[in-house]
Amino acid sequence: LIDEAHLFEPNVAAAMSDMVSVYMTKSRIERYGSKEAAQLARKGYEALARLGSGAEDLVLKHGVCTDEQATLRQALLDIKAAITISVKKRSMPSDLKSALVRTADTIGRALTLRNQLSTLRFSPTQRYPRLMTGPVSVSRILAGFWQSASWGAALSATLYTRDMTGNPNASFMSRRLRIPIGRLLTHTPIVPSWTVSPVTLVKPPHHEGDLKQHPMFPPAFNDAEDETTSAPYFTALSAAINPIVSDARGGTLVLCTSYQAIAGLSERCVDPGRVMVSIRGTPISTLLKTFQARSLAGERPVWFATGPAWTGLDIYAGITPPAVESDHLLSDLVVPRLPFQVAISSTDQARRQYMPAHLVWPDQVLQCSFRLLQGIGRLVRREGLPPKNLWVLDPRGFDPSYAGSSIRSIWSRYAKQVAFSQAPAKPVA
């Protein structure tokens, strides 16, 4: 049995992936290595840092001989050479030496293995470079898994999309999981009415003309660091989110697609005393306990979250739920930006990198619909709840040129829908 089967493929890829902090590697070599090694490490680090001034992510491409690729490869070779020199020092602590050897091995695989996707990523604020490596595909592993199993069941609330006629279709996920067609057995998905009946879907304000001129139309991800681009966007979103925060009857969860968005929106919140933010490295279970405690105390917390909050958050985990008729633990869920192009594994990134251009966007739409279903599923987790609100602020979600049938079919589940400008002052009342 595979529970949360929609995450099976990226989790297999994640188990075979590695991450190298280039900044931490440089710092360790500077502290414990020789002068020669420190100079090499600084040289490599500075070259990678310069690349970060002009790119969101930089994929290492074998056989490509551009100046950018040559600089990337030479910088990684310099850092690997610095590690080789450093680990020869007998005075280096054994645990640190082992960590550096693993780092050198990861860099070596990135430089030589063509079945690996190696990406240089940069932290959003300081632009510290990190090398991410992982498999391009895990298809053979998944196919072998099913071949060795006499039977199996893939379970999840999000295994199906809707085709153009509105019928459930499992072909996308079955292909992703490499389930043999001859052994595939599907059933009509069960969607209990109580999961959607308490919810009012609030759509973004209508905009005449070019949708890209809509004030809440998201900028490109690589524009996130551009203050002239991101500031007006976050200001427009906050103008919509602040009344939601003010009128919410209970806790509010704002599902963001990046830590930049968390920072840009939380700092503009009308009631900063109620704000909670997800922070890199902080377990989501710790943040959830804080949210639960504050919400049960009547503080109406506003949690700006990302990452596992989209897929792995059970709002009632570890507590006795309040009486169902007065359960306002989470009364409002806000989606400022649809989760397009949110790669969670090396295989996701590889598909985007190597898939034929005409197939990339349809694939992204389907992936977005799965992640979106998971995210909005945080709102209603038990039967009989009082009214709740789902606020979708991204205008692309309702435009056929951006949102395919798999996304638009999600909205059709909700009988109660209003446009943002028509929403009552307290729609949960």
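**Entry 1: helix α2**

I looked up helix α2 and found Val22, Thr25, Lys26 and Ile29 as its buried residues, buried being under 20% relative accessible area, exposed over 50% and partly exposed in between, with a 1.4 Å probe and protein chains only. Seen down the axis of α2, these buried residues fall within an arc of 100°, so they line one face of the helix. The arc is that of the directions from the helix axis to the C-beta atoms. I then noted what the buried residues of α2 pack against: β1 (18-21), α3, α4 (67-86), α5 (94-112) and β4. Helices (H or I, at least four residues) and strands (E, at least two) are DSSP runs, numbered from the N terminus.

**Entry 2: what kind of model this is**

I am reading a predicted model, in which local features need pLDDT of at least 70 and side-chain atom pairs count only at pLDDT 80 or more, while totals for chains, interfaces and linings use all residues. Residues are numbered from 1 along each chain as its sequence is written, and side-chain values use heavy atoms, with hydrogens and water left out. The chain has a mean pLDDT of 89, and 93% of its residues reach 70 or more; pLDDT is the predictor's confidence in each residue, from 0 to 100. Over residues 424-429 I found pLDDT under 50 throughout, and for this stretch the model has 12 contacts beyond four places in sequence. Contact means heavy atoms within 4.5 Å.

**Entry 3: Gly33**

I went to the loop between α2 (22-32) and α3 (35-51), where Gly33 lies. Gly33 is buried, at a relative accessible area of 14%. Setting aside neighbours within four places in sequence, I listed Arg28, Ser86 and Lys89 as the contacts of Gly33.

**Entry 4: the four-stranded sheet**

I traced an open sheet of 4 strands in the order β1-β4-β3-β2, with antiparallel pairing. Two strands pair if DSSP finds at least two bridges between them. β1 and β2 are the edge strands, each pairing on one side only. From one strand to the next the twist averages 20°. Helix α3 packs on the sheet and touches β2, β3 and β4, its direction making about 80° with that of β3. Axes here are lines fitted to C-alpha atoms, for helices over the stretch in contact, and angles run from 0 to 180 degrees between N-to-C directions.

I checked the pairs one by one. β1 and β4 are joined by 4 bridges, and Val20 has Leu131 in β4 as its bridge partner. Between β3 and β4 (residues 129-135) there are 7 bridges, with Ser118 opposite Thr133. Strand β2 (residues 57-59) has 3 bridges to β3, and Leu58 is partnered by Leu120.

Why is β3 largely enclosed by the rest of the structure? I found 6 of the 7 residues of β3 (residues 116-122) buried, so the strand is largely enclosed.

**Entry 5: strand β11**

In strand β11 (residues 332-335), I saw Asp332 and Val334 pointing one way and Leu333 and Val335 the other, and all are buried. Strand β8 (residues 252-255) runs parallel to β11, with 3 bridges joining them, and Leu253 stands opposite Leu333. β11 also pairs with β12 (residues 388-392) in the parallel sense, over 4 bridges. Leu333 has Leu390 as its bridge partner in β12.
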